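Okay, thanks for coming, everyone.

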Amino acid sequence: MSYLPNRVALVVEDLGKSFTLHMHGGARLPVVANVGFAVQAGECVVLGGPSGAGKSSILKMLYGNYLAGSGHIRVRHGADMVDIVDAEPRMVLDVRRRTLGYVSQFLRVIPRVPAIEIVAEPALAAGVAHDVAHERAAGLLAALNLPERLWKLPPATFSGGEQQRVNIARGFAGEHTILILDEPTASLDAANREAVIGLIAARKAAGTAFVGIFHDEDVRTRVADRIIDVSAFAVQVAA
Amino acid sequence: MNANTPAPLLEARSLSKSYGGRPACRQVSLSLDAGEVLAIVGESGSGKSTLLNLLSGRLVPDTGSIRYRMRDGVARDLARMPEAERRLLARTDWGFVHQDAALGLRMNVSAGGNIGERLMAVGGRHYGDIRATAANWLTRVEIAVDRIDDKPTAYSGGMRQRLQIARNLVTSPRLVFMDEPTGGLDVSVQARLLDLIRGLVADLGLAVVLVTHDLAVARLLSHRIIVMKEGHVIESGLTDRVLDDPQAPYTQLLVSSVLAA
């Protein structure tokens, strides 16, 4: 493997993806090809480009949620570089526990589990002590202006914006060294967008590498160190 | 796998089983680590229950082998284990949660007795201790302690299922087999039970082999998934990967057939 400086957190090489829709006569839906970029510790790389260019699919491949068709996704995991593309499921789970976090657009609500537990869970999974994990969760929920009376309630009945703040707090609670953000600020008001920008800045200063999608122009320019136009990775269809 | 990786808790190689010439399970291999939750999904007749019964020693495979890593760290071939030892294993280090709680409980014995019986299998003799432990476990599965002397026949379906879980977990097993544990229950009862199972599995670090036809249950509880059809493993992998980006035609059909609520 080529030499990688210590600051490199994530390297994507020749990544490609297409969907084969077996329910629709095996139609092939090309998504991206030859995706390549690297992200340093403390850097925030934003994926840009029009809707349908494959931004979300790239993020899902980075997390191991979508299967890459080709290429490599090398992630600095402790002392090792792990290739998410061909790692065993158990290794991917370990990478997710200790290294790689993901904030989706929507909270996947678990019935009956209180907001504070949902937020503390990734920290507990990463081996953080119960009290510390709960302090961290409380700090994040407070930073995101979620009223304290809601913390002990399950988020099923929360508004969209409140659920999304729980989701963001959960994503940050693991204090992963690499964090993937898929439009985390889409359903937030100005004050809470500001809070998220603050959280990102603080984690960047602590060395977390970010890869994200932000449609909000203002948020994007304020958090991004670099913007990569994903349409450059469009699949070339033969004429 | 490097030398530092502990051996799997359970390892099956090329398991096959036929009923009267009709194959129900064909050349299935899998392994399970300590603390890992594996879901086996598929439709009725896919062979998932046969596989569960093979893995748990309730059925004898026609071919193939199953090894289990005992508490002393030594992996043993289940087929070569004396019957008495295998039964002790099933009563202590393993659990089996049936869809129908009546199969996993003694319906004419009190709730406390149902839990206490498993404890006595591991040498519990002191009545007061056994009763206290049973009461503690009833609380953990959210059954009021004043119901300890009631028989399961007086319990609702959800309570019976929670009691069955307590009976299984009281001996601190490392591996629990579950056959559609939430099947046949009302949706609200299901949600409560799922949450309870999720919490207990995480707190106790249990390894679980879970058979379900409900992909939402598999998503909520499992780390990895195996998709079965006609006795074959069609696809396997990380649970969210298999459900969100299914590769095999059959898995795509299965995932796309679920009605989103």
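**A helix in chain B, and what surrounds it**

Let's begin with helix H7 of chain B, residues 187-204. It has 18 residues, and at 1.5 Å a residue that should give a span of 26 Å; the C-alpha atoms at its ends sit 25 Å apart, so the two agree. Keep in mind that this is a predicted model.

Now, which residues of H7(B) are buried? They are B:Gln190, B:Leu193, B:Leu194, B:Ile197 and B:Val201. Around the axis they cover an arc of only 105°, so they lie on the same side of H7(B). Turn to the face pointing away from that buried side and you'll find the exposed residues B:Ser188 and B:Asp203.

And what covers the buried residues of H7(B)? The cover includes strand S3 (37-41), helix H6 (157-169), strand S8 (207-212) and helix H8 (215-221), which are in chain B as well. After H7(B) comes B:Gly205, and its phi is positive, near 65°.

Strand S4 of chain B, residues 63-69, runs antiparallel to strand S1, residues 10-19, and five bridges join them. If you want a pair to click on, B:Leu10 stands opposite B:Tyr68 of S4(B). S4(B) is also joined by three bridges to strand S5, residues 75-77, again antiparallel. There, B:Arg69 faces B:Ala75 in S5(B). S4(B) and S5(B) form a hairpin with five residues between the strands, and in that hairpin B:Gly73 takes a positive phi near 90°.

Let's zoom out to chain B as a whole. We're looking at ten helices and ten strands. For 261 residues, a compact globule would have a radius of gyration near 18 Å, and chain B comes out at 18 Å, so that agrees. Along the principal axes, its C-alpha atoms fill a box of roughly 55 × 45 × 40 Å. Of its 261 residues, 46% count as buried. Then, if you take the contacts with a separation of 6 or more, 65% of them in chain B are between residues 24 or more positions apart.

On to chain A, which has seven helices and nine strands. Its radius of gyration is 18 Å, close to the 18 Å that the globule rule gives for 239 residues, so chain A is as compact as a globular protein of that length. The box here is roughly 60 × 40 × 35 Å. Buried residues make up 42% of the 239 in chain A, and the figure for contacts between residues 24 or more positions apart is 71%, again out of those with a separation of 6 or more.

One residue in chain A to look at is A:Ser104. Where does A:Ser104 sit? It's in the loop between strand S6 (100-103) and helix H3 (115-125) of chain A. Is A:Ser104 buried or exposed? It has 21 C-beta neighbours inside 10 Å, so it counts as buried. Leaving out residues up to four places away in sequence, A:Ser104 touches A:Asn167 and A:Asp182. A:Ser231, 127 residues from A:Ser104 along the chain, has its C-alpha atom 22 Å from that of A:Ser104.

Last, confidence. Chain B has a mean pLDDT of 92, with 97% of its residues at 70 or more. For the complex, the predictor gives an ipTM of 0.92 and a pTM of 0.92.

Key
Residues numbered from 1 in each chain as written. Chains lettered and ligands numbered in written order. Predicted model: local features only at pLDDT ≥ 70, side-chain atom pairs only at ≥ 80, totals over all residues. Helix = DSSP H or I, 4+ residues; strand = E, 2+ residues; numbered from the N terminus. Rg over C-alpha atoms; globule rule 2.2 N^0.38 Å. Buried ≥ 20, exposed ≤ 12 C-beta atoms within 10 Å, placed from the backbone. Contact = placed C-beta atoms within 7 Å. Pairing = 2+ DSSP bridges. Expected span 1.5 Å × (residues − 1). Arc of directions from axis to C-beta. pLDDT = per-residue confidence, 0-100.
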